[in-house]
Amino acid sequence: MNYRVLARLGAVHLLAGACLATANAATPRSLEIRIDREAEVPVIVHEARSPGPRALVLWLPTGLGSSAGDAAIAEALAGRGITVWRADVLTGRLLPPGESSLDRVPADDIARLIDHAERTTGRRVWLLASARAGLLAVRGAHAWRRQHPEGTALAGLLLLHPNLFLTPPEPGRDAEYHPLVAHARFPIYLLQPELSPWHWRLERTVEELHKGGSVIAVERVAGMRDRYYFRPDASDAERREATKLPVQLAEVIGRLSRVRLAPARAPAVAVKVDAPAPARTTRTLSRYTANPIPPVTRLTGLDGRRYDLAGYRGQVVLVNFWASWCPPCVHEMPSMQRLKEKMAGKPFTILAINMAEDEATIRRFLQEKVKVDFPILLDRDQAVLKRWKVFVFPTSYLLGADGKIAYGLAGAIEWDEPGVIAMIEKLLPAGAKDRGPEHQD
């Protein structure tokens, strides 16, 4: 295959005790960049304060609002000789805050910002984006390459746990990448925290980006959640890890700046950079439209017993995929316990499948955060999660008494609401007697 991978950056030398704030930090300045007659993008500029790689990081917004963490990281990069522009492209287009608004930003806006940054500073530009903004970075990079086939102003992409999919799929369906992902051809850095729905899709994302001839450096961050570097609820460990991020970014910019891409294999494809995204899946319990036969699911429970989904035929079963680091999962679990209590005496069971967390973490979570007494199953290698094609957490499935999947849900709901209980009761077998689950040894 005609690509190279800079494997996990184990060689990155993290400076012990690296600080985000520096004693000689300068006050950032603001500027407005006219994109066209309708858009003027506000930019916060953190000027490089020391010799460095003559790089400029064009930081795209998350859609979740600005944070002190962003500013601190930008200042730390400036202290390492890298200029940072934090560009509020949503305000520039009068779009409301929110990740969904990022899909409405024209890709040409990013291309024009790249041109302006290189023209006014003489520095090569790196696009930095996280989560859904990662797709905006890919679209903007493609738009810029289309306008400058032989240009060198855009050095590469720095993608932090990017979401490069078209839209969340219906439960049980495969997620589709945006067509442009397979045509990206740049040096790319992928940083992926381990406690994230995107972690188990990382290899697939790398494969998709490779198709265009990109050179990719991959960094996994153990024990961290997405957005750990600016989460308002960051743990002490996450705050310590965040202090390392400017060092990692500066190091990878230096390394990837030396990369030379192989000649393009074919002319740039004519893929629309601003094609409307498919409508997003409504977060409600809805009829399941994929193959209704559930995947083989045999797992050990937290109680040490073996559970086989096939042994629950004749009951309605709620199969729920969750993790303790997922706030919506934590929010909905008490309502699942109330649902279990309201369905007492009826042929109904909840099987809550945890995604690859260690037993000590799960037990501590159940002791300190949420009290439930339905079975907790351990998917230690994520094999069951992959067979069920889980895309986000939480994801739930309702199986009827015939053993087939009747409903699916991506997201959290209140499971003890009357309307939800009514849907579950319609799946119960007429006149069926309550009977316990069959455990497999």
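These legends walk you through several close-up views of a predicted model.

**View 1. R29 and E47 meet in a salt bridge.** Here the side chains of R29 and E47 come together, with 2.8 Å from N to O. R29 belongs to strand β2 (residues 29-36), while E47 sits in the loop between β3 (39-46) and β4 (55-59), so the pair ties together parts that are 18 residues apart in sequence. Both partners are partly exposed: R29 has a relative accessible area of 40%, and E47 has one of 38%.

**View 2. A salt bridge joins R49 and E75.** The N to O distance in this pair is 2.8 Å. Since R49 lies in the loop between β3 and β4 and E75 in helix α1 (residues 68-79), the pair ties together parts that are 26 residues apart in sequence. R49 is partly exposed at 21% relative accessibility, whereas E75 is buried at 11%.

**View 3. R298 forms a salt bridge with D308.** Their closest N and O atoms are 3.0 Å apart. R298 is in strand β11 (residues 298-301) and D308 in strand β12 (residues 306-308), 10 residues apart. With a relative accessible area of 47%, R298 is partly exposed; D308, at 10%, counts as buried.

**View 4. Salt bridges link D36, R93, D109 and R112 in a network.** Side chains of opposite charge can pair when their charged atoms come close. Across the model, the count comes to 25 salt bridges.

**View 5. The cysteines C326 and C329 are buried.** The relative accessibility is 5% for C326 and 1% for C329. Searching the whole structure turns up zero disulfides.

Conventions. Residues numbered from 1 in each chain as written. Predicted model: local features only at pLDDT ≥ 70, side-chain atom pairs only at ≥ 80, totals over all residues. Heavy atoms only, no water. Disulfide = S-S within 2.5 Å. Buried < 20%, exposed > 50% of the residue type's maximum accessible area, 1.4 Å probe, protein only. Salt bridge = Lys/Arg side-chain N within 4 Å of Asp/Glu carboxyl O. Helix = DSSP H or I, 4+ residues; strand = E, 2+ residues; numbered from the N terminus.
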